[in-house]
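Welcome! Keep the sequence and the 3D view open as you go.

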Amino acid sequence: MSALRTVKSTEFDLLAVRKDFPGLHQKVHGKPLIYLDNAATTQKPKAVIEALNRFYTADCSNVHRAVHALSDRATKSYEDARTIVKQFINARSEREIVFVRGATEAINLVMNSYARPRVKAGDEILISALEHHSNIVPWQLLSEQTGARLVIAPINEAGELILEDFERRLGPKTALVAVAHVSNALGTVMPVHEIVRMAHARGVPVLVDGAQAVPHEHVDVGALDCDFYAFSGHKVFGPTGIGVLYGREDLLEGMPPYQGGGDMIRSVTFEKTIYNELPYKFEAGTPHIAGAIGLGAALDYVSQIGIDRAAAHERDLLNYGTELLSAIHGLRLIGTAPEKVGVLSFVLDGVHPHDVGTVLDRDGSAVRAGHHCAQPGMQRFGVPATTRASLAFYNTKAEMHALANGIRRVQKLFAA
Amino acid sequence: MLRNMNDIADLYQELIVDHSRRPRNFGRLEHATHRAEGFNPLCGDKVKVYVNLEEDVVRDVSFEGEGCAISKSSASLMTESIKGKSKAEVERLFSRFRDLATGMADADQADLGKLAVFSGLRGFPARVKCATLAWHTLRAALEDKSGVVSTE
């Protein structure tokens, strides 16, 4: 805590938080880095970097196998991380927490092990028009393999799901609903509680892609009552290559393994293999042990600074940034849902997002220019691409100012 | 600060901004003998190149499409640079242009005429593909390749 300021424990100490992220304190092209590409990946706090370092320095060994001390420590840290995840998202049991590579693998696991054995030709998978490619393409693969049909629930001009249209598309043929909790391209918070309620009323299970929600708000899978919840570690200040599939225990229990190999078995003979219990049935091979431990450290860090406090700061920041950008003549914000988090996606009259991104980069601001792996969603707005500034709780109002000034410089450069 | 804006000004030189805003030879070429379509899946940029080739010489050329300032101005300046040139000359010009864009050759050595304005690209490796999309598409058109040319 700063000696110059007294900060109440209920207050969000932005300065202290920024000090925890070494990656933020660097210059790019001679200017202080303004990192606004958090929807792509977040910077990592020291706690995560140190946890990785500690594992590889002191505890490096495999899990669930040997009888030696290092393996004991590694196994304990790995399983502790699972407990941290369980508590963070309020799952009932560690058996419901499967470590995977990321949200993409989590969705593919559900597609392969849950949907494919059940889905018949003519069945429907219902998704929204705002999905990331990772929640579109697996269902297209499933459709090709089974003859199922992909059904899309549309969005309105503000970038919100039209709930009545969603409900109309739920029918006797709907086998599964798969929706993002938060849109990566626009930041729209989807009405997932209503979606789950509507789907469950018709006996349809729901997968929620939470990759963009977990870093921004308190996620409670118990209260949400969804059947599956997927997220990536690296978007919530953890390492890359690790993620989580939460699944309701009774559903996971009835699903065949996703991959075969070591650790997912109880006994193997050439005649018959007996699978391991949950969640190990779904964790074939040596897992990303360091990654899981790093993710545990990341979630502990977020809990310690307080996700609700961080979210309140982010809300302020988003409102502030929205005001600043809305005041720029010739700028159009794409995605203006009242319920949104963390994303300022925009187009500038007469300037392509790629050029905006290049000029802002030379200004020190890291933003994303492109279709954000959500091409169908972008088409809805008649734009092939946008420039996207995406926020995390370590961003500041001064950075919002710098972004707005940078955009004005872009306009000046390309002024007619 | 000044240094940075200079870097940016190296890339977005006046001629580039001008051609991006008012592209020359823009639009469909009726009775084109050769045509091809190019696509950069990373940014969604699309370009169509039309060529009228007579006895291996580019008599006329035009392009259509949408894209960033670099891709549009590059397509525009390309069409201006290749009129009246033979296929072999176009091929040599492209090779020199690519060397310039990737920093393999200096502008004064490359004998590129107006195309030398793209020398600033060497500081922006992420943008080289924007500048070469039209050229790859042109080559596909001249070689009568069917299908869409992709930068990826």
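Two strands pair if DSSP finds at least two bridges between them. Please keep in mind that this is a predicted model.

**Exercise 1. Find the residue in strand 17 of chain A that is the bridge partner of A:Ser345, and place its strand in the sheet.**

Step 1. Start with strand 14 (residues 343-348) of chain A, which is joined by 4 bridges to strand 17 (residues 386-390) of chain A. These two strands run antiparallel.

Step 2. Look across from A:Ser345 into strand 17 of chain A: the bridge partner is A:Arg388.

Step 3. Now widen the view. The open sheet of chain A has 4 strands in the order 13-14-17-16, with antiparallel pairing. Strand 13 (331-333) and strand 16 (368-370) of chain A are the edge strands, each pairing on one side only. From one strand to the next, the twist averages 30°.

Step 4. Helix 12 (residues 353-362) of chain A lies across strand 14, strand 16 and strand 17 of chain A, and it runs at about 160° to strand 16 of chain A.

**Exercise 2. Trace strands 1, 2 and 3 of chain B: how many bridges join strand 1 to strand 2, and how many join strand 2 to strand 3?**

Step 1. Between strand 1 (residues 34-40) and strand 2 (residues 45-54) of chain B there are 7 bridges, and the two strands run antiparallel. One partner pair here is B:Asn40 with B:Asp45.

Step 2. Check the turn. Strands 1 and 2 of chain B make a hairpin with 4 residues between them, and B:Gly44 in the turn has a positive phi of about 85°.

Step 3. Move on to strand 3 (residues 57-66) of chain B, which pairs with strand 2 of chain B in the antiparallel sense over 9 bridges. Here B:Val51 stands opposite B:Val61.

Step 4. This second hairpin has 2 residues between its strands, and B:Glu55 in the turn shows a positive phi of about 45°.

**Exercise 3. Work out which helix of chain B gives the largest share of the side that touches chain A.**

Step 1. Count both sides: the contact takes 17 residues from chain B and 18 residues from chain A.

Step 2. Helix 1 (2-11) and helix 2 (14-21) of chain B each supply at least two residues to the chain B side. The largest share, 4 residues, comes from helix 1 of chain B.

Step 3. Sort the chain B side by residue type: 9 are nonpolar, 3 polar and 5 charged.

**Exercise 4. Describe how domain 1 and domain 2 of chain A meet.**

Step 1. The domain assignment gives domain 1 as 14-32 + 306-413 and domain 2 as 49-303. Their C-alpha centres lie 28 Å apart.

Step 2. In the contact, 23 residues of domain 1 of chain A meet 22 residues of domain 2 of chain A. On the domain 1 side, helix 11 (307-326), strand 14 and helix 13 (375-380) of chain A give two or more residues. That side divides into 11 nonpolar, 6 polar and 6 charged residues.

**Exercise 5. Is helix 10 of chain A mostly covered or uncovered?**

Step 1. Helix 10 (residues 289-305) of chain A reaches 25 Å from its first C-alpha to its last, close to the 24 Å expected for its 17 residues.

Step 2. Of those 17 residues, 13 are buried, and helix 10 of chain A is mostly covered.

Step 3. Just after helix 10 of chain A comes A:Gly306, with a positive phi of about 95°.

Conventions: Residues numbered from 1 in each chain as written. Chains lettered and ligands numbered in written order. Predicted model: local features only at pLDDT ≥ 70, side-chain atom pairs only at ≥ 80, totals over all residues. Axes fitted to C-alpha atoms, helices over the stretch in contact; angles between N-to-C directions. Contact = placed C-beta atoms within 7 Å. Nonpolar A, V, L, I, M, F, W, Y, C, P; charged D, E, K, R; others polar. Domains from an automatic or database assignment. Expected span 1.5 Å × (residues − 1). Buried ≥ 20, exposed ≤ 12 C-beta atoms within 10 Å, placed from the backbone.
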